[in-house]
Amino acid sequence: MTEIKHNVNNWVRGCALLLTMLLIASTGAFAQQQMLPVYDKAGGMGCVVVVDSIRLSKGVASPASPTDTVVGLTFMLSLAENALPKTDIVTLTPRLFSETDSVDLPAVRLYGRWAHMALLRGSESTTDASQRLLLPASEAGIPLPYSKHVAYQPWMNEAQLKLIATRSDGCGNAYQHNALTIGETHTVLNQREVFRRTKAPVSHLQGRAYINFAVNKTDIRPDLGNNRRELARLHGVLDSLQQRENTSIQRILLKGYSSPEGSYKHNSELSQGRVESLRQYLVDHYGLAAAIISTDSEPEDWAGLRDYVAKSDLADRQQILAIIDSNDDPDKKLSLIASRHADAYRQLNTVVFPLLRHTDYSIDYSITDGRDTVYTETAVDTIYVKSATIYDEAPVPAVDYAPATFRPWLAVKTNLLYDVLVAPNIEVEMPLRRDARWSLMAEYTNPWWRWDKLDEAYEIQEGGVELRHWFSPRCGGSRPFLSGHFVGVYAAVAKFDMEHNKTGDQGEVFSAGLTYGHSWPLARHWNLEASVSAGIVAGERRHYNAEFESTHLIYKYTKNMFYAGPTKLKLSLVYLLGKKGGKR
């Protein structure tokens, strides 16, 4: 019954997400995709939050409350660049603000793998109930919808929207804040189609296409980013030429550019591969002869970057231009700009670099009868966006993510190495404190086998306890229950009877020592633990011969045993038992 309920909840949640995504897609957005870098302790850009399809709407939240007017915010959220470190969390807080007023909408959180596991196991330290919870960043490859409401106030008509990203470690200590304001005055390069008339028998057409590619990929995906619109524009140019009477395409030149981030060698390969993909796309979709399409590539568009910097109002513009004009290799230039002019680099990375990833095309075509010809080309205009728009329409229903949590209280384990040796064993571990920094583990091993009419014996009975200390953050932190590094001190007693061909040894031993290990969270209820122990083993061994069909043992001698060195090696599969509804 529990499994059925869990599946139904997942189905309902999936339907809600799909509905929200469709509503967002159908209503459009007042802002294009926004890239928000999130920095670590050293100021490095470990990951980038991608926010797309942003839209504000004003209306009634639900028919049940017709007098309550709200402002709804929707957008699609995902991560680009590198995934978060396993214990880190990124919190994104939307804020509406004016010159005199401001209000924060509920925050959304992206988790590293361990931080997300800590959330599921009820050991995450944050108790702010207003924060919505998303899937771990390492698994959030598909954008997820955000939709939340806030009570409408008149000042919001002139408000701007700011997205504030905060990256924190496992203890909730913030590294740095970064913010992106949507709706402030900024420049956008916009493409448009223009029509020109010419009498020349041979004409030349130029344009630029911004084809988006997946990270480190060269294949063209029509549904990625703005590709459908860009390809449609290119289709329009070629269709107008092919459908025109007395007009034939003589030559097409494609030249691809990449932006400077990443290594120059890798960008060179990407530029060539991507422009080749566009060439093949034109051959496949238009039946053009491959021989008339030539390609060229520029690994990095430094000329475009220099042109932007020269026309900008950056405070350190002259120093950056000096680096660009130097004879240093491209990778060193980018490193110098990033290290010496960090603020300017972040602006260039967010605003300019995406515009440097483009493919320029030129088309030579002839008009055989010399009559007037109208053809289409692409031009680039500069427009200015000044204010956020709040549309008068029904807000999209709010979306929440509420993962089911449980509070582990006991771990049950088996040592897989002992299992391979046909030695049945079981371990149990219980935390001594709620933050699980101290735990007590008990183990029992009991292979008790006899065969071949009692001539062979493999009998060991061992029990022991171990006190462990787990190296988690002192704040409790975003570390899953009983995971990470640990040290322990153990004590164990055992008795044994090992017989082969009617000759064997019996005895009792005591062992004590130290343990070091590490436990990796695998899934919601599962860990994999590895450990090694060293210490002493002391006891007594009695050597015997078995007579009368092994029914009587004749002891030959007795010896004391003492050993110091490695004593245990474990690779244990761990299952966590717990109660539902651990604290968040």
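Residues are numbered from 1 along each chain as its sequence is written, and side-chain values use heavy atoms, with hydrogens and water left out. Because the model is predicted, local features need pLDDT of at least 70 and side-chain atom pairs count only at pLDDT 80 or more, while totals for chains, interfaces and linings use all residues.

Start with the cores. In soluble globular proteins, nonpolar side chains tend to be buried together. A nonpolar core here is a set of buried Ala, Val, Leu, Ile, Met, Phe, Trp, Tyr and Cys residues joined through side-chain atoms within 4.5 Å. Buried means under 20% relative accessible area, exposed means over 50%, and partly exposed lies in between (1.4 Å probe, protein chains only). The largest nonpolar core has 31 residues. Val49, Leu92 and Leu96 touch the most other members. Strands (E, at least two residues) and helices (H or I, at least four) are DSSP runs, numbered from the N terminus. Another core, of 21 residues, lies apart from it, and includes Leu241, Leu278, Tyr286 and Leu288.

Leu96 deserves a look. Contact means heavy atoms within 4.5 Å. Leaving aside neighbours within four places in sequence, Leu96 is in contact with residues including Leu56, Val71, Val103, Val150, Trp155 and Leu161.

Next come the helices. In α6 (residues 317–325), the buried residues are Ile320, Leu321, Ile323 and Ile324. They sit on the same side of α6, because they cover an arc of only 160° around the axis. That arc is taken from the directions from the helix axis to the C-beta atoms. What do the buried residues of α6 pack against? Their partners are α5 (302–311), α7 (330–340) and α8 (342–352).

Two of those partners also meet each other. Two packed helices are described by the angle between their axes and the distance between the axes. For α5 and α8, the angle is about 115° and the axes are 12 Å apart. Axes are lines fitted to C-alpha atoms, for helices over the stretch in contact, and angles run from 0 to 180 degrees between N-to-C directions. From α5, the contact uses Leu305, Tyr308 and Val309; from α8, Gln347, Leu348, Val351 and Val352.

Now to single residues. Ser259 lies in the loop between β13 (247–257) and α4 (264–286). Ser259 counts as buried, because its relative accessible area is 4%. Its side chain makes a polar contact of 2.5 Å with that of Glu261. A polar contact is a pair of N or O atoms within 3.5 Å; within protein, one must be able to donate a hydrogen and the other to accept it, and residues adjacent in sequence count only if both atoms are side-chain atoms. Beyond four places in sequence, Ser259 touches Asn267, Glu300, Phe353, Leu356 and Arg357.

Lys255 sits in strand β13. It is partly exposed, at 23% relative accessible area. Lys255 and Glu298 are 43 residues apart in sequence, yet 7.2 Å apart in space, C-alpha to C-alpha.

Finally, the backbone. Most residues other than glycine have a negative phi, and most peptide bonds are trans. Ser53, in strand β2, has a positive phi of about 55°. Asn501 also has a positive phi of about 55°. Asn501 is in the loop between β23 (484–500) and β24 (503–521), and counts as exposed at 54% relative accessibility.
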